[in-house]
Amino acid sequence: MNTNKELLLPLSFEEIRSELGQNLSRMMDFFVPVEEIEKEISLIASAIKHSGKLVLIHGKPGVGKSTFIQSLKWRNHIPVKEVFNIDVTNSSIFKHTEPKLPKLLQVISEACEKNDIIPNKNGVFTFVIDYLESLSGEDPNLRKAFFQNLNGILRQKPILILWPITEL
């Protein structure tokens, strides 16, 4: 019986997800909480009553933005009810030849309509925008319209949007 196991040192969240598969909660076995940032997210989530908030999480690629966001699902003291990931690289939703921002707005809007978006003691409904870390390739007019329309949604829906970015 061979009990030797290969030591894996994943360098990205995607590599961790690939190794763990559906058992992502095992991340907590080796994840070190970032308590200072968790407190900030908790304060923001707790303050959401009638209108939503957008939180940009800025950092260089590979510093742990996605890993931190994923960990929120298992940190019971953070008032996050449900995490809805929006993967903008999903070609069945986001076509490569079309601008991403209008479709992203549509996905957020439709998810708000389909889900119970009422803040309660169990936490706030949270969206995570995955793999749209820069808007440099998006049309400036579409960017402006996107944020204006997103502001309209946030004023009406008590949601939290976490958006990891690499460029300010």
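Q: In which helix does Ser42 lie, and does Ser42 count as buried or exposed?

A: Helices (H or I, at least four residues) and strands (E, at least two) are DSSP runs, numbered from the N terminus. Ser42 lies in helix α2, which covers residues 35-47. Buried means under 20% relative accessible area, exposed means over 50%, and partly exposed is in between (1.4 Å probe, protein chains only). Ser42 counts as buried because its relative accessibility is 12%. The model is a predicted one, in which local features need pLDDT of at least 70 and side-chain atom pairs count only at pLDDT 80 or more, while totals for chains, interfaces and linings use all residues. Residues are numbered from 1 along each chain as its sequence is written, and side-chain values use heavy atoms, with hydrogens and water left out.

Q: Which residues is Ser42 in contact with, leaving aside its neighbours within four places in sequence?

A: Contact means heavy atoms within 4.5 Å. With those sequence neighbours left aside, Ser42 is in contact with His77, Ile78 and Pro79.

Q: Where is Lys103 found, and which residues is Lys103 in contact with, leaving aside its neighbours within four places in sequence?

A: Lys103 is found in helix α4, residues 100-114, and is partly exposed, with a relative accessible area of 24%. Leaving aside its neighbours within four places in sequence, Lys103 is in contact with Ile93 and Phe94. The C-alpha atoms of Lys103 and Val88 are separated by 9.0 Å, and these two residues are 15 residues apart along the chain.

Q: How many salt bridges does the structure hold, and which side chains meet in a salt bridge?

A: A salt bridge is a side-chain nitrogen of Lys or Arg within 4 Å of a carboxyl oxygen of Asp or Glu. The structure holds 1 salt bridge, in which the side chains of Lys157 and Glu113 meet at 3.9 Å, N to O. Lys157 lies in the loop between α5 (140-156) and β4 (159-165) and Glu113 lies in helix α4, so the pair ties together parts that are 44 residues apart in sequence. Glu113 is exposed, with a relative accessible area of 59%.

Q: What is the phi of Tyr131, and where is Tyr131 found?

A: Most residues other than glycine have a negative phi. Tyr131, although not a glycine, has a positive phi of about 70°. Tyr131 is found in the loop between β3 (124-130) and α5, and counts as partly exposed because its relative accessibility is 26%.
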